[in-house]
Structure formats: structure tokens, C-alpha cells
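Please read the following points with the model open beside you.

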Amino acid sequence: LVDDDADIVRAFKLGLELRGFSVDSYTDPMQALDSVEPGSYDLALLDIQMPGIDGFELYKLLRTRDGGVGVVFLTAFEMRESEFGRLAPDPALRGLLKKPLSISQLAEALEARLERP
Amino acid sequence: MKSRVTSRRYNSVLLIIVIILVAGSLLFASYEYSNSVSNGIQAASIDSANSGAQIEVTEMTHILVNQLEVVGKNLQVLAASASVQGGNVSGALPLFISAQNTTSSFTTDYSWIAANGALLIAWNNTGAVPAAAGVNLTSRPYFVAVKQSGAPYFGDVILSLHLVPEVVVAWPVFNQTEVGAHAVRTFEGIVVASIAVLTLGSYLKSQLPSATSSGLGAIDTQGDILYSGNHSQFGLNVFGPQVQSGLPPSFAPSFDSFLHLSLEGGSGIYDLDYNGLRASIAYQAVDINATDNQTKPTFFGVLYVLTVDVLAADQAASINSLRLFFAVSVALIGGSGVIIALVVLNWNSRLDRIIKRRTAELVAANDELAEQAQAQKDLINIAAHELRTPAQSILANSELLKDALSPSSSPTSQYPSTTTSSGIQRVPLTPRPDMSEGDVKDLVDSTFRNAIRLQKITNNLLEVARIDTKTVKIELESFELNEKIESVVDDFGKIAEAEGPKGKDVQVVFEPRSKALLVRADRIKAYEVLSNLITNAIRHSNAGGKVTVSAELSGDFALVRVRDEGTGIDKSLLPRLFEKFATNAGTGLGLFISKSYVEAMGGRIWADNNDATGATGATFSFTLPIAR
């Protein structure tokens, strides 16, 4: 879980762990990248708007370290689906969650994403 | 666009050419028309002059012929009278006196010449004319002619016995006797009427209508002048050197051939055009029927009437001026047309330029509107982001706290170890059956902090909306700025708690540099600006850093500086530092609001990096007007 807002990271990590997920969280994208090894994660939950690097770029870098990692993006921006399609042409990137959402909604979305091959 | 301009220019040139052509043809047509009309008028006036001359010449000829025929009748009566037939001179004298009396204004004298040439009677207006001595009258041309032909004689100009030019009318006197079956005629002499040329001319002149301006001329069959406007020419021959030398050489040949033609008899007209003088000369032969049984009239001479075409000349002058007037008018009209066209075209192109300029302005305004619309969209997007971020924390935190307060519905029980359809078995690596007290405290703190942040963003957004719609209320009052700054710096503790990451331990100090700074400003807005700048400074300070606030008098303003020792401002950010959402730090609206407030209060705000002085960090400065 990578988001530059420490409060959000704390709440999401806590909530997801309470729901049985195992979560590593980072507010610094570079630290997150540093921690990835092949097979270490099923899924990356990435905020799109972060200082220094956006979620898409970060995901591309993550894939160079672990080709099999899935992704779900988070954003607080008012982003239209078509806009997201333009920014993330790769169908593998087509998971977008809009803030604010409850931890239950987040967990359901992540479950669904993990069910998908 | 360029081709359109070219074609418009081409059209303009075409239009001018068309106008010039139309004006030119109008000019030409009008000139031709006035030309033909004036020529017509001139011709008509010449015709009228001609016909006037013809009428006059006919009339004068008729008068002359009539007069000569009267003389002829007198002579006929005298020749046939019993006294003359009987050679009775004393008996005949009264007849001669009577004859002279009837034509006294015309004839010089009547005389009777015997067959042997003896002058039997000669009577003029004053009485008997004595016979010229030593002259044989039988050799006089009229005597010779009458004796030879036995017919009446209407002669050419001759010199009288007194050397006066005259014309002579003579009648034979026959003594008719019956000899057997034949009538025998014996020539007994002639009766004669002589008419001095001068008298003839005077008579003719007196017969002219008094109003006429016409000139009169008469010649005999030999071309000797019977009458002319120039009396010294009386009796001279028109073909003689004295008359011919008076004619202009260029004009003489045609005039002479005209004279020759007129001497052939009949009547006609001659158009004289000499040195701008137009004249008509009408001529008519003077044909006399001397006796009732005469088969062919006697050709006595030719009468001429010269009419100067004064009217025609006058009309020609006015027609010429009319023609000029027409030409000038049409030229003026054509010129005006061209000028109007040029003015219209010039106006057109000016209009075109204006339209282009307006269009450019509209395009610029449109671009600006589009920019504003985009800015509005960006603002909404960023505002949404700024509102959702704390809302996210509050939502997630409160959800977690709620779950924690009702353990029965703890999500942990809903998420046992599962095996996903993809075969991944997920077992919680660090199971968290419950939240620690520390977690709860963190969540509560985080919720409070984000609620504060939400409140602040909401207020800022509302304030930005007020600024954008220019409905911010600034209430100016005079207050002491140093005191105000001191109280803000004291409040800094609270600011640090709300904004600063823990453990930064940033020190905020105030250095007043002027004793008292009484400013005129909005107290609350000034507080906002100051606290905003100090908060920013703390946020960008490193741990253990120092923020220095100073205030001093600078001209008519109080100058406040907030200086930090942090990382400084990104150079690329400097130009738009005070715009909305220029930074991600805080709400991104604080500097925009601060700038709006300072400027609304009559001051200025700016920011510099400290690198010019070799130090780290940045300094934000603003001014407020000193109260007067």
C-alpha cells in the first residue's frame, strides 16, 4: 500500500489487516519500490497522485522488479473512466478505486481483484 | 485567408476600373450627344440664316425687276406715243417729264434720241439736260444694241457722257406703216432711261427691311458692281484687280467660282466661312420680262444678299460652353464616383481591419474564457481531491473505531483463512484480532486532525470563491502591528500542533525593528496572512530549525518578513507561487488567499529564496499601509 497521506495509510493498513490481509505500507514511493522482490506481493494498492512520481509510473517500475504483481489504483481526483483509460492503457492497470471509500468497500474490491486471474 | 485578401483587392481594382469605364463612356456619350445636338442647332440656325438670305434676295430681286419693268413700261409707252411716233418733240416733252416723275427715285433721266443720233429730249429731276457736245450718240452701246436688235435693252454698267457709271434701259422707236400686205417698220430712234449706279444702289438700299443686318450686292452681267456695301466699289468689276486684290488669297478662288456660277443665272446660296465668320450669300438672277410677248426674259444682272450668321455664331459659342459644361459635369460626376468608390473601399478595408482586430480581441477573450473555464475545472478537481483526502481518513478511521466498539461484528470473524479461486491460500501473517489502545488513540488523533483540515479547506475554498467573486469584506481599522505579531507568534504552539509533524521542534521568534507600527488594515485578515506565512515556514523547516518574524517601517508601509531556514522554494514554482494550488503543501490556497488579502489592504506580498545572502531557506515578505 503506497499513499503519501500517512493517516490514510494507517487506517487502510489497520483495516485491511483486521480483515485478514497482510499489508506493507509506505508513504514514500521510493521506499516501496525498494522493498519489492519477485513474488513478494499479490497486489499493489497505489495512490495515483503522489509527490515526485505518480502511481502509474511507480507501477511500471514495480513490474520491472516483480512481473507478476497485480495492481489497484486509488485516487481522490475527479477522474473520468475515459481519462483513466488514456492514462492507463494497459488492461492490467484497469482497477481504479475512488476516495473516499470505506474499508469494507476497499476490502471487497481487493477480494474481487484477487479472484480475477 | 491570404487568397481571400488578394481576391478582395482584385475586386476593388475591378470595381474602380468599371467605374472609370462607366464614367468614361458617359463622358464620351454625353459629349457626342451634346456635339450632335449643337451641330443640329447650328445647322438649323445656318439653314434659317440661309433661308432668311434667300427670302431677302428673292424679295429684293422682285423689287428691282419690278422697278426695271416699270421703267421698261414707261419707255414702251413713250416709244408708242403719238408724239414720239410723229416726231413731235414739244408734244412729247410732258410725257418724258411725267415718266421721270414716276420713277424719279430710281432713274437719272429719260431721253429721246433720233435715228441719226440727235438728242431730242433729255429730262432729269431738275429739268432739261443739255446735250453733250461732240459726242456721236449712235455709237453708244445701247443705241447700237437697240438699233441692231430692234428689241428693248437692259444694259450693263457703262460710263455716262458725264463719266458717271450707269445702267441704261433703252427702247426702240419704230414707225410702222402698211406697205401692201406687209407691215413695214422704220427705225426712228430710241427712248432711253439711264439709272446711275449710285442711285440704283441707294434705291436698293432703301428697299431693304430697316431691321436687317444683311448686306446687299448687285452686279451686271459682266460682273460690274451695281451695288455694294462699299460705295467706292460701285462700277468696278468684281473680277477686276481692284476688287480681287481686296479678297483674301485663300478665299478668292472659291468666291470667284461662286460669282461665275451666279452669273450663269438662276438662284442659289453660298456658305461663307472665313476666319470664324460664318455667312450665307444668297443670289438670284435679275431676269426682266420687258414686254408681254417676250419668250425669254432679259438677264440684267445678279443680286446678292449676305447674311452673317450672327445667331449661328452666338449659338455656336453657347453650344460650345454647353458642351464644355456637359464634359466638365460628367467628368466631375465620374471623378466623384471614383472618389466615392475609393472612400467606400478605404472604409471597407478600415472596417475589415476593425473586424479583424475585434475578432482577435474576441478570440483572445474566448481563449481567456476557456482558460478560466479550465482553471475552474482544475479548481474543482483539486478541491475535490483536497476535500476527499481528509474525508477518506475520517471515513476509514471512524469505520475502524465503530468496528472496535462492537466486537461482535468484528470484521476479523468475517475473514477467516480462505482459499481463493486462483488457489492462493491467504493466511493472516500477523493476525490482528483487536486494536491496541495506541491504535485507537492514533485513529482518534488522525480523525481530529483531518476534521480540522477539512474545516480549513472548506473555509479556504469558500474564501477563494469570495475572492473570485470579489465579495471579500475588508474592514480597515488602525492597530499596532507589533502587538498583533507577538500574539500570533504566541499562538504558534497551536499552529504547530495542527500543522507540523511531531518532533520537529521548530522555534519561532519575533524581532520588532521599529518601536511602534500603527497600521491601517483588517485585523483579522492580517492575522490570517501572518499565521499562514508562519505555518508555511514551520512546515518547510527542518527539525530544530528557526523561523524569524521581523517588522519595520519602510516608507509609508510596515514591512513584515517571515524567514525560515528550510529547503527554500523550487525555482520553477516561484513565478506562480501565489496562484491557487501552486503547491501541494497544505490546502494550496493559503498563499493565494494571503496575496488577495494583502493587496485588498493596499499592500504587497512576495517571496525570495535566501540563497542570495548565502543562507538556506526562504523569506516571505508583505507590506501594510501605515495609518495616517
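1. A contact, as the word is used throughout this note, means heavy atoms within 4.5 Å. The model is a predicted one, in which local features need pLDDT of at least 70 and side-chain atom pairs count only at pLDDT 80 or more, whereas totals for chains, interfaces and linings use all residues. Residues are numbered from 1 along each chain as its sequence is written, chains are lettered from A and ligands numbered from 1 in the order in which they are written, and side-chain values use heavy atoms, with hydrogens and water left out.

2. Chain A contains five helices and three strands, where helices (H or I, at least four residues) and strands (E, at least two) are DSSP runs numbered from the N terminus. Read from the N terminus on, the elements of chain A follow the order α-α-β-α-β-α-β-α. Of the 117 residues in chain A, 55% are buried; buried means under 20% relative accessible area, exposed over 50% and partly exposed in between, with a 1.4 Å probe and protein chains only. Among the contacts in chain A with a separation of 6 or more, 61% are between residues 24 or more positions apart. The chain exposes about 5,100 Å², of which carbon and sulfur atoms supply 50%; accessible areas come from the Shrake-Rupley method with a 1.4 Å probe, and for residues only the protein chains shown count as cover.

3. Which residues of helix α3 (residues 55-65) of chain A are buried? They are A:G55, A:F56, A:L58, A:Y59 and A:L62. Seen down the axis of α3(A), these buried residues fall within an arc of 155°, so they line one face of the helix; the arc is that of the directions from the helix axis to the C-beta atoms. An α-helix has 3.6 residues a turn, so residues three or four places apart point the same way. The face of α3(A) turned away from the buried side carries the exposed residues A:K60 and A:T64.

4. In chain B, helix α7 (residues 252-262) has the buried residues B:A252, B:F255, B:D256, B:F258, B:L259 and B:S262. Viewed down the axis of α7(B), they fall within an arc of 155°, so they line one face of that helix. The elements of chain B against which these buried residues pack are α6 (241-244), β10 (267-274), β11 (277-288) and β12 (298-308).

5. A search of the whole structure finds 13 aromatic pairs over all chains; rings of Phe, Tyr and Trp (its six-membered ring) pair if their centres lie within 6.5 Å, and planes under 30 degrees apart count as stacked, over 60 as edge-to-face and the rest as tilted. The rings of B:F255 and B:Y270 have their centres 6.3 Å apart and their planes at 55°, so this pair is tilted. It links distant parts of the chain, with B:F255 in helix α7 of chain B and B:Y270 in strand β10 of chain B, 15 residues apart, and both residues are buried. B:F258 and B:Y304 form an edge-to-face pair, at 5.9 Å centre to centre and 65° between the planes. This pair too links distant parts of the chain, since B:F258 lies in helix α7 and B:Y304 in strand β12 of chain B, 46 residues apart. B:F258 counts as buried at 5% relative accessibility, and B:Y304 does at 7%. Ring pairs join B:F255, B:F258, B:Y270, B:Y283 and B:Y304 into a cluster.

6. Strand β12(B) pairs antiparallel with β8(B) over six bridges and antiparallel with β11(B) over 10 bridges; two strands pair if DSSP finds at least two bridges between them. Within β12(B), B:V302 is the bridge partner of B:I219, and B:A285 also stands opposite B:V302.

7. Leaving aside residues up to four places away in sequence, B:A218 touches B:L204, B:D224, B:I225, B:L226, B:Y227, B:V302, B:L303 and B:Y304. The C-alpha atoms of B:A218 and B:S228, 10 residues apart along the chain, are separated by 6.7 Å.
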